[in-house]
Amino acid sequence: MQFDNTQTFKNLARAFAGESQAGMRYQLVAKTAMDEGYKTLADEVRTLAKNETFHAQRFFETIQEKTGGKENIDIHAGYPFHSGSLAESLAFAAADEKAETIIYPEFAATAKQEGFEDVAALFTLVSKVEESHRIIFEYLANAVKTGTLYTAESPTLWVCSNCGHMWVGEKAWKICPLCKSEQGYVDLHLPFEGTRI
C-alpha cells in the first residue's frame, strides 16, 4: 500500500499541525507569564513550547522520509483556540496535553496495524513526553491559581535565576536580597524535577 493512502499518513499530518499549534499557543502563554512578572515560569513554558516544536519537526521529517514530500495534505481535524487568564491558559494546556495522551496511542495502534512500526514507536515516545507535560501544566495551573508557586510544605531550596542567591525556607522571597529581582525570577520547583522520563 502506498504510504500517502494510509491513515498513518493522515495522522502524521494531523500531529504535525497539532504540535505546531501547541508550540505557538505555549509561546503565547509564556508571553502572558512574562507580562505578569513570572520570568522563570515563562522560561519553563517556553521549554515546553520548544518540545512541541521538535515533536512537530519529527512528524514533518517522517512524512518527508516516507513520501518525499507533498505539495498539500488535506486534513480534517479540530484544533483548540482557547485562552484566558494565566492560570486558565495553563489549565487549557494541561487539558490539551491530556488529549494528546489519548490520541497518540490510537495513532500508534493504527500505524502498527498498517505495518509502520517506526511510526508507531514515534507516536508512543511523543505520548510519554506529553504525559509529563500534562503533569507540569496541571501543577503550574494550580500553583498560579492558588498563589502557591513560590511556597512549599517543607523547607525548600529557593534560588534566584539572576544572581544565584540561595535560601532555604517554606516560601521564596518577594524581592531577592542580593540583586533585588522580583519573585518571578526564583527558580521553580516542578513535580518529579530531575527525574523526567
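The structure holds 9 aromatic pairs, a pair being two rings of Phe, Tyr or Trp (its six-membered ring) with centres within 6.5 Å, counted as stacked if the planes are under 30 degrees apart, edge-to-face if over 60 and tilted for the rest. The model is predicted, so that local features need pLDDT of at least 70 and side-chain atom pairs count only at pLDDT 80 or more, whereas totals for chains, interfaces and linings use all residues. Residues are numbered from 1 along each chain as its sequence is written, and side-chain values use heavy atoms, with hydrogens and water left out.

The rings of Phe59 and Phe123 form a tilted pair, with centres 5.2 Å apart and planes at 35°. This pair links distant parts of the chain, 64 residues apart: Phe59 lies in helix H2 (residues 39–67) and Phe123 in helix H4 (residues 117–146); helices are DSSP runs of H or I of at least four residues, numbered from the N terminus. Both Phe59 and Phe123 are buried, where buried means under 20% relative accessible area, exposed over 50% and partly exposed in between (1.4 Å probe, protein chains only). Tyr104 and Phe107 form a tilted pair at 6.0 Å centre to centre, with 50° between the planes. Both lie in helix H3 (residues 86–113), 3 residues apart, about one turn of the helix. Tyr104 is buried at 2% relative accessible area, as is Phe107 at 5%. Phe59, Tyr104, Phe107 and Phe123 form one aromatic cluster.

The count of disulfides (cysteine sulfur atoms within 2.5 Å) is 0. The sulfur of Cys176 has its closest cysteine sulfur in Cys163, at 3.6 Å, too far for a bond; Cys176 is buried at 0% relative accessibility. For Cys179 the closest cysteine sulfur is that of Cys160, at 3.6 Å, also too far for a bond, and Cys179 is partly exposed at 31%.

Methods:
Helices (H or I, at least four residues) and strands (E, at least two) are DSSP runs, numbered from the N terminus.
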